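Subject: Structure for your files

Hello,

Here is the structure I said I would pass on. My notes on it follow below; please read them with the coordinates open.

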Amino acid sequence: MKPRRALILVIGLSSAISAVLLAWGGVRAAQQDQKKYSQTPTIEEYQPRSTLVTKEHKIERAKFPFIDIHSHHWNPTPEQADQLAKEMDSINLRVMVNLSGGTGEQLRQTVATMKGRHPDRFVVFANLSYDDIDTPGYGKRAAARLEHDVKSSGAQGLKIFKNFGMDVKYANGERVRADDPEFDPVWDKCAELGIPVLIHIAEPSPFFDPWDYHNERWLELKQFPGRARPPGRYPPFETLMAERNHLFAKHPRTNFIAAHLAFHGNDLERLGKTLDSLPNMYVDIAAVLAELGRQPYSAHDFLLKYQDRVLMGKDIYDVNEYKWYFRALETRDEYFEYYRPRHAFWRIYGFQVPDEVLKKVYYQNAMKLVPGIDPKPFPE
Ligand SMILES: [Zn+2]
């Protein structure tokens, strides 16, 4: 055999062997995969890719300038405020409402930082301090502090956090009910000052239900066990709803924005009836988009019927997550993934509303409720 031919033979043989080895390895890997994938996956492991082929609209920017009525920025630095304004420009977010202004010096500082640098881009809501709740005359003092926060420091609304009605207690251990008359001077002060109250009462109803395999928020309760509201430690969901509705009914001159579709996003008929009976009640859609997106026909009809009562909001700030809201509100895209799997084991659908409704949800309703927003950048 000539050396050249021998070399070719050797190369040929070795590549044949490696091909066999490779194929064998492939078969083995496939067998291992088979074994692995025949096991039942955990909820977190099961990530099926949809094979649905349908029109997709990636909307990076809202169709109209909008107001985010529900955002949180605690003690922002000047650099953070500048960065926010820049990011807001990229998605057509014209005015951001920071619900976490605090009260007193903290509030003054937050307004100075945010509005001092970008006067027409930010709105800051004040919060209540409960530090002196056990000293007689609390309600009147809290109302006076709020008046100062609004008139001297530039707050444009009041935000009540979710501990109100659930965790805020008097020294004797008694829970502060949402409709506690001690707070009446505060709500009346809001009416007098012409500012809205954005109020978070209760939590999604599954948090109050047993944490079992029928619970729709099982995964979230596993990831955040502290979000459970077991009956031994918390009032029932329905008690909180009744107290909230009583509070709104007692103060008809005060405008209340119930956060997160008032936790009735999974029952829009009930939400509609509640809105019908309480003309001073509004809702935001912050962090509950998946509720609307799983019932696109009902969501569409609800938004048309209650177009004057619903406000755009996002809650936890991430400039990259607003596009789900745009896509749901502005398109009829079908069966697309939601950005927060623990909120929803389902994909969502766009429920596209007409432009005149979109404008109300995006900014007109907020402008009616929150004083002092410059209307110029917003179309008629
Ligand atoms: Zn919030």
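This is a predicted model: local features need pLDDT of at least 70, side-chain atom pairs count only at pLDDT 80 or more; totals for chains, interfaces and linings use all residues.

Helix H11 is largely enclosed by the rest of the structure, because 7 of its 9 residues are buried. The buried residues of H11 are Tyr322, Tyr325, Phe326, Arg327, Ala328, Leu329 and Glu330. They pack against strands E1 and E2 (93-98) and against helices H2, H9 (289-293), H10 (296-305) and H12 (355-369).

Aromatic pairs

There are 21 aromatic pairs in the model. One of them joins Phe66 and Tyr322: the ring centres lie 5.8 Å apart with the planes at 55°, so this pair is tilted. Phe66 belongs to strand E1 (residues 66-71) and Tyr322 to helix H11 (residues 322-330), which makes this a link between distant parts of the chain, 256 residues apart. Both Phe66 and Tyr322 are buried.

A second pair, Tyr130 with Phe183, is edge-to-face, with 6.3 Å from centre to centre and 65° between the planes. Here too distant parts of the chain are linked, 53 residues apart. Tyr130 is in the loop between strand E3 (122-124) and helix H4 (138-151), while Phe183 is in the loop between strand E4 (158-160) and helix H5 (184-193). Are these two residues buried or exposed? Tyr130 has 18% relative accessibility and therefore counts as buried; Phe183, at 0%, counts as buried as well. Tyr130 and Phe183 also belong to a cluster linked by ring pairs, whose other members are Tyr138, Phe164, Trp187, Phe248 and Phe256.

His72 and Asp315 are both buried.

Sheets

An open sheet of 3 strands has the order E1-E2-E3, with parallel pairing. E1 and E3 are at the edges and have a single partner strand each, so one side of each lacks a neighbour in the sheet. From one strand to the next the twist averages 20°. E1 and E2 run parallel and are joined by 4 bridges; Asp68 has Met96 in E2 as its bridge partner. Helix H2 packs on this sheet and touches E1, E2 and E3, its direction making about 135° with that of E2.

Another open sheet has 5 strands in the order E4-E5-E6-E7-E8, and its pairing is parallel. E4 and E8 are the edge strands, each pairing on one side only. Within this sheet, strand E6 (residues 256-258) and strand E7 (residues 281-284) pair in the parallel sense over 3 bridges. Helix H5 lies across E4, strand E5 (197-199) and E6, running at about 145° to E4.

One further residue

Thr274 lies in helix H8 (residues 268-277). Its relative accessible area is 8%, so Thr274 is buried. Leaving aside residues up to four places away in sequence, Thr274 touches Arg244, Asn245, His264 and Met281.

Regards

Notes: Residues are numbered from 1 along each chain as its sequence is written. Side-chain values use heavy atoms; hydrogens and water are left out. Rings of Phe, Tyr and Trp (its six-membered ring) pair if their centres lie within 6.5 Å; planes under 30 degrees apart count as stacked, over 60 as edge-to-face and the rest as tilted. Helices (H or I, at least four residues) and strands (E, at least two) are DSSP runs, numbered from the N terminus. Buried means under 20% relative accessible area, exposed over 50%, partly exposed in between (1.4 Å probe, protein chains only). Contact means heavy atoms within 4.5 Å. Two strands pair if DSSP finds at least two bridges between them. Axes are lines fitted to C-alpha atoms, for helices over the stretch in contact, and angles run from 0 to 180 degrees between N-to-C directions.
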